[in-house]
Amino acid sequence: MKNVLCAVAGAASLLISAPSIAQTTLTVATVNNSDMIRMQGLTSEFTTKNPDITVKWVTLEENVLRQRVTTDIATKGGQFDVLTIGTYEVPIWAKKSWLVPLDKLGADYDVGDLLPKIKDAVSVDGKLYAAPFYGESSMVMYRTDLFDKAGLKMPESPTWDFVVDAAKKLTDKSGGVYGICLRGKAGWGENMAFLTAMSNSFGARWFDEKWEPQFNSPEWKKTLATYVDLMKQAGPPGASSNGFNENLALFSAGKCAMWIDATVAASMVTNPKDSKVADKVGFALAPNTGLGKNANWLWAWSLAIPAGSKKVDAAEKFIAWATSKDYTKLVASKEGWSNVPPGTRTSLYKNPDYLKVAPFAKLTLASIDAADPNKPTVKPVPYVGVQYAAIPEFQGIGTQVGQQFSAALSGSTTVDAALSAAQSATEREMKRAGYIK
Amino acid sequence: MARMVTTRNKVISTTAAWLVGFLIFFPILWMVLASFKTELEAFAIPPSFLFFHWTTENYVTVQERSDYFHHALNSIIIAGGSTLIAMLIAIPAAWSMAFSPTKRTKDVLLWMLSTKMMPPVGVLVPIYLIFRSVGLLDTRAGLIFILCLGNLPIVIWMLFTYFKEIPKDILEAARMDGATIGRELIYVLTPMAVPGLASTLLLNLILAWNEAFWTLNLSTLEAAPLTVFIASYSSPEGLFWAKLSAASTLAIAPILVLGWFSQRQLVRGLTFGAVK
């Protein structure tokens with residue numbers, strides 16, 4: 001009995017004498033992409049080094065997350081301490097003072113190592129408002145075996161004429177192989193991401209310098225007519241409901257000779273576990289028409305701190321960890337170099353271990369470099385953003401226009417009617433928002 | 001004389017009923033099947049119905065990544081709590097409107113229903129601000145409150161319709177025999193209204209269980225029910241159908257089992273008016 005009492009007393013004195021650590025709980029809101037899920041799995045590495053911080057995750061579907069986070073940040077609800085947001089939100093939210101500038105990421109963070117285009121996309125007036133977690137552009141992914149068989153050679157920077165011709169030649173509808181798979185599902189981040197980037201390469205723009213919509217321009221007509229004609233002749237059936245995932249499944253199953261989409265898809269279509277064509281994929285820059293702009297976009301999922309958070313220091317510590325060079329090394333040591341988050345740091349593209357397992361690395365970097373959010377189009381524009389215009393109204397307008405273009409693709413309306421409907425819808429919204437009279 | 005039903009007609013009507021039943025059940029069956037496929041097979045065109053490589057890896061992944069029981073417990077508490085409170089408020093309200101109607105009863109009923117006509121997103125920001133001010137964000141109490149309010153009009157309407165079917169004379173006879181209001185409610189009204197009460201309770205429970213607007217927008221972690229659990233499995237970049245199907249199968253399992261065991265009450269309650 002005496003022994004038991006002694007043991008209890010000893011344990012109690014240990015408990016009393018142990019230094020009490022004030023716990024800070026960070027709530028991180030994120031999307032369900034494989035890189036984010038991997039980060040979630042590695043959280044314990046961060047909390048072991050920072051025992052005073054606990055990290056809790058809220059993973060949501062992209063659109064739900066955007067609505068949820070926007071409501072919370074606009075009402076200063078304070079439910080989240082770290083947000084996963086895209087390059088579209090960063091300039092808009094930073095200007096509304098909804099985000100905390102990230103100026104205490106630490107001496108060894110090496111901001112200079114961030115890819116310049118990506119860093120620009122998450123900065124406003126030279127200040128970093130979000131730290132890029134992974135970045136992407138878009139590029140052509142093609143089947144080397146089908147190209148060889150047809151005697152075609154994909155240039156590193158193809159023109160639209162070449163892509164259209166090749167797509168038509170490679171289409172074998174009876175064999176279930178289609179020349180090209182492109183996004184057709186309506187949405188500002190779906191078909192409009194692709195079509196806006198494509199229109200940039202045709203010399204089109206969303207708005208002129210005075211915010212007048214430009215869908216009545218010959219450049220937009222050429223863009224949409226080329227797209228619809230190409231997809232009708234060489235695209236898969238039901239393309240108007242295809243987005244990233246549908247095309248990923250089609251390409252991985254060997255049903256597309258070419259696919260133009262996000263550079264992050266490269267690691268998925270070359271992964272033998274999920275792709276039947278893993279060893280037969282080549283890469284090229286997104287097509288152009290010789291006007292100086294390629295049809296590629298720029299996007300980065302980034303981590304930011306909402307202005308309502310009361311745990312800014314801990315949140316910044318977490319962001320610095322998750323977007324650091326050390327984090328990349330940590331992922332490489334646990335899950336291999338092919339699984340590290342791509343597209344944010346120059347050093348990654350100089351790392352021989354990464355280059356060995358990522359045959360797409362060179363073109364991913366070239367694609368990111370080829371996109372300029374501050375000068376996205378051939379003619380001057382008043383907005384920032386390659387495949388979007390970074391104004392709050394764009395989500396609504398982009399989706400309305402996307403529905404018209406998706407209808408043109410499915411054949412329920414004509415190219416001319418879709419463009420004229422897009423023009424009037426955009427004019428109406430821009431007048432309502434006060435950009436034009 | 002009862003109408004003769006030939007064997008042929010019986011066979012045809014039974015087959016037709018099974019066919020319609022199967023058609024309605026098919027999406028759920030498809031979801032369950034997809035949860036046992038690999039991501040690539042779940043997306044494959046043409047899809048395979050039964051002959052695919054069966055795997056339980058999606059369930060393992062879902063278990064590893066999320067705390068299913070935490071979300072399921074929240075769903076049970078929120079759906080159950082909001083349903084019980086709604087019933088407690090609705091029974092006296094429907095009773096008084098059914099048995100002692102006034103000139104304005106119909107207007108009151110219509111006014112209640114009119115609150116369901118506004119899309120919830122229209123009041124999201126004000127509700128969010130109120131919840132933030134009173135500290136109800138991400139709490140079960142907050143969600144019970146809002147779901148109870150949201151379903152109250154439907155519960156009152158359903159109960160009102162059932163109560164109206166009960167002949168007033170029976171209640172009057174009970175009163176003549178000296179029954180108090182309490183006795184009248186418990187011994188006379190309740191036994192006659194049990195099927196109606198049961199089906200209202202079940203329907204309200206299902207509605208609250210499936211509610212995905214307020215639960216997604218007003219909860220974060222602590223109070224997050226199964227709707228949040230499902231929403232975390234949809235991905236903009238990467239295949240997710242198989243994992244989403246596994247999560248959805250787990251999410252509907254409890255309510256499916258409950259519905260299965262109580263289907264007799266549900267059907268009796270829903271056809272109460274027609275077969276009295």
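First, a term: helices here are DSSP runs of H or I with at least four residues, and strands are runs of E with at least two, numbered from the N terminus. By that rule, chain B comes to 13 helices and zero strands. One caution before going on: this is a predicted model.

Let me stay with chain B. Read along the sequence, the pattern is α-α-α-α-α-α-α-α-α-α-α-α-α. The C-alpha trace of chain B spans about 70 × 65 × 30 Å along its principal axes. Chain B has 276 residues, and 35% of them count as buried. Now the contacts in chain B with a separation of 6 or more. Of these, 78% are between residues 24 or more positions apart.

Next, where chain B touches chain A. The contact takes 26 residues from chain B and 28 residues from chain A. On the chain B side, three helices each supply at least two residues: α2 (39-43), α6 (124-134) and α10 (214-218). Which of them gives the most? That is α6(B), with five residues. By class, the chain B side divides into 15 nonpolar, six polar and five charged residues.

Over to chain A, and a strand. Take β8(A), residues 256-262. Is this strand mostly covered or mostly open? Covered: seven of its seven residues are buried. With β6(A), residues 131-143, the pairing is antiparallel, over five bridges. In that region, look for A:Ser138, whose bridge partner in β8(A) is A:Ala262. With β7(A), residues 178-181, β8(A) pairs in the parallel sense, over three bridges. A:Ile180 stands opposite A:Met258 in β8(A).

Now helix packing. Two packed helices are described by the angle between their axes and the distance between the axes. Our subject is α9(A), residues 191-201. I'll take two partners in turn.

Partner one is α10(A), residues 218-234. The angle is about 125°, and the axes are 9 Å apart. The cut-off for roughly perpendicular ends at 115 degrees, and roughly antiparallel starts over 145. So α9(A) and α10(A) are oblique to each other. Their crossing is right-handed. From α9(A), the contact uses A:Leu195, A:Met198 and A:Ser199. From α10(A), it uses A:Glu219, A:Trp220, A:Thr223 and A:Tyr227. By class, that is four nonpolar, two polar and one charged.

Partner two is α17(A), residues 394-410. Here the angle is about 85°, with the axes 9 Å apart. Therefore α9(A) and α17(A) are roughly perpendicular to each other. The α9(A) side of this contact is A:Asn191, A:Met192 and A:Leu195. The α17(A) side is A:Gly398, A:Val401, A:Gly402, A:Phe405 and A:Ser406. The classes here are four nonpolar, four polar and no charged. Note that A:Leu195 is named in the contact with α10(A) and again in the contact with α17(A).

Last stop, one residue: A:Ala266, in helix α12(A), residues 265-269. Why does A:Ala266 count as buried? Because it has 22 C-beta neighbours inside 10 Å, and the cut-off is 20 or more. Leaving out residues up to four places away in sequence, A:Ala266 touches A:Met141, A:Phe283, A:Phe360 and A:Thr364.

Definitions and conventions:
Residues numbered from 1 in each chain as written. Chains lettered and ligands numbered in written order. Predicted model: local features only at pLDDT ≥ 70, side-chain atom pairs only at ≥ 80, totals over all residues. Axes fitted to C-alpha atoms, helices over the stretch in contact; angles between N-to-C directions. Parallel < 35°, antiparallel > 145°, perpendicular 65-115°, else oblique. Left-handed = near helix turned anticlockwise from the far one by under 90°. Contact = placed C-beta atoms within 7 Å. Nonpolar A, V, L, I, M, F, W, Y, C, P; charged D, E, K, R; others polar. Buried ≥ 20, exposed ≤ 12 C-beta atoms within 10 Å, placed from the backbone. Pairing = 2+ DSSP bridges.
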